Amino acid sequence: QNAFKDTERQKVKIHPIVELQDKLGLKGVSEKFSDGIFAWLCINQNFTASHYGSRQLFSRYYNKLAAVALYTLSVLVVISGVLLTESNISDALEAEESIIMLKREKTTYRELYAKKFKDFEKVFQNAGIMNAAVELAERIKLNSRTSPLDFLIVLSDILNQPGIGPVHIDKIEWQAVNINKKDQSIEKANFTEDQPVKHYAVIKGRIDEPEHNYRESVNHILRIIKHLQASPRVESVEALEMPVDLRSESQFSTESGVETRKKKKRETTGHFSLKIIMKEPGDA
């Protein structure tokens, strides 16, 4: 008290050690010296990092920072875990309620079925067979539309178009076929299979061959093929035989300059043969 006197700038108050220890909550500490208070200050002091001193000197400070970080992270993990647990519990409760509701609906449907539809079980057992029979009948009906009449009608409409000229059909070899999708091979038609039945025909006929112009005969057949290929019903056309000048004692020069003399026997001229594959009705 003699050393620290009150002045205009400062006031000095002396606190007993016991009073300070009571305020700090220190118990069982000697009341004679202030070493307990000093120890409390050291323990509760927050060290700040600085660039002075060695790393080993600040090891306790780094450990304290790591402890604070781990503590904060653990708190966050606990909070996240609680939130996730609450969400999972809510989802589980909703799922349980849905299961209960579905079981109730299942019971209701069974009771309804037992009251109204149980007597029709035998009919339902034969429904699959009946459905298959109906589908087979519809398929046969659809595939049976691929008939010679359908082919002749389409062929007649094409050959009657302007620009083709007169054509004489002597023979038509017609067949209903299936075309294998793997190797494009032609197979005899199976009207019960679930694949299109197409027309396969070989047409043999004649054209009026112009006098002294065998090239016009070929062009005439090419025009016929062009009109056939333009039809949406025709899938492919192939020329098996082209017309050739067979008049008696005729002679002409080929494109290579070789003179060709025909037979002396007079024969019919302008013959041709075409192979046609036509789509089924309604597939154009």
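1. His199 stands opposite Met278, a residue of strand S7, in this predicted model. Six of the eight residues of S7 are buried, so that the strand can be described as mostly covered.

2. The sheet as a whole is open and has five strands in the order S2-S1-S3-S7-S4, with antiparallel pairing. Strand S2, residues 186-188, and strand S4 stand at the edges, and because each has a single partner strand, one side of each is left without a neighbour in the sheet. When direction is ignored, neighbouring strands of this sheet are turned against each other by 35° on average.

3. Which strands does helix H6 lie across? The answer is S1, S3, S4 and S7, with H6 running at about 135° to S1. Helix H7 likewise lies across S1, S3, S4 and S7, and its direction is at about 10° to that of S7.

4. Helix H7 covers residues 214-230, and its 17 residues reach 25 Å from the first C-alpha to the last, which is close to the 24 Å expected at 1.5 Å a residue. The buried residues of H7 are Ser217, Val218, His220, Ile221, Ile224, Ile225, His227 and Leu228. The elements that cover these buried residues include helix H6 (148-159) together with the strands S1 (167-179), S3 (198-207), S4 (234-241) and S7 (271-278).

5. The largest nonpolar core has 19 residues, and those that touch the most other members are Phe151, Leu155, Ile221, Ile224, Leu228, Leu274 and Ile276. Two or more residues of this core come from each of H6, S3, H7, S4 and S7, and H6 gives the most, with five residues.

6. Leu274 deserves a separate look. Once its neighbours within four places in sequence are left aside, Leu274 is in contact with Ala201, Val202, Ile203, Ile221, Ile224, Ile225, Leu228, Glu238, Ala239 and Leu240.

7. Is Ile203 buried or exposed? Ile203, which lies in strand S3, counts as buried because its relative accessibility is 3%, with the cut-off for buried being under 20%. Leaving aside neighbours within four places in sequence, the contacts of Ile203 are Phe151, Leu155, Ile169, Lys171, Ile172, Phe272, Ser273, Leu274 and Ile276. The C-alpha atoms of Ile203 and Leu240 are separated by 9.4 Å, although the two residues are 37 residues apart along the chain.

8. Glu209 lies in the loop between S3 and H7, and with a relative accessible area of 15% Glu209 is buried, since that value falls under the 20% cut-off. Between the C-alpha atoms of Glu209 and His271, which are 62 residues apart along the chain, the separation is 9.2 Å.

9. Over the whole chain there are seven helices and seven strands, and read along the sequence they follow the pattern α-α-α-α-α-α-β-β-β-α-β-β-β-β. Buried residues make up 20% of the 284 residues. Of the contacts between residues at least 6 apart in sequence, 60% join residues at least 24 apart.

10. The average pLDDT of the chain is 77, and 74% of the residues score at least 70. Residues 245-250 stay under 50 in pLDDT, and the model has 24 contacts for them beyond four places in sequence. The pLDDT is also below 50 over residues 252-268, a stretch with 31 contacts in the model beyond near neighbours in sequence. Where pLDDT is low, the predicted coordinates should not be read in detail.

Methods
Residues are numbered from 1 along each chain as its sequence is written. This is a predicted model: local features need pLDDT of at least 70, side-chain atom pairs count only at pLDDT 80 or more; totals for chains, interfaces and linings use all residues. Side-chain values use heavy atoms; hydrogens and water are left out. pLDDT is the predictor's confidence in each residue, from 0 to 100. Contact means heavy atoms within 4.5 Å. Helices (H or I, at least four residues) and strands (E, at least two) are DSSP runs, numbered from the N terminus. The expected span of a helix is 1.5 Å times one less than its number of residues. Buried means under 20% relative accessible area, exposed over 50%, partly exposed in between (1.4 Å probe, protein chains only). Two strands pair if DSSP finds at least two bridges between them. Axes are lines fitted to C-alpha atoms, for helices over the stretch in contact, and angles run from 0 to 180 degrees between N-to-C directions. A nonpolar core is a set of buried Ala, Val, Leu, Ile, Met, Phe, Trp, Tyr and Cys residues joined through side-chain atoms within 4.5 Å.
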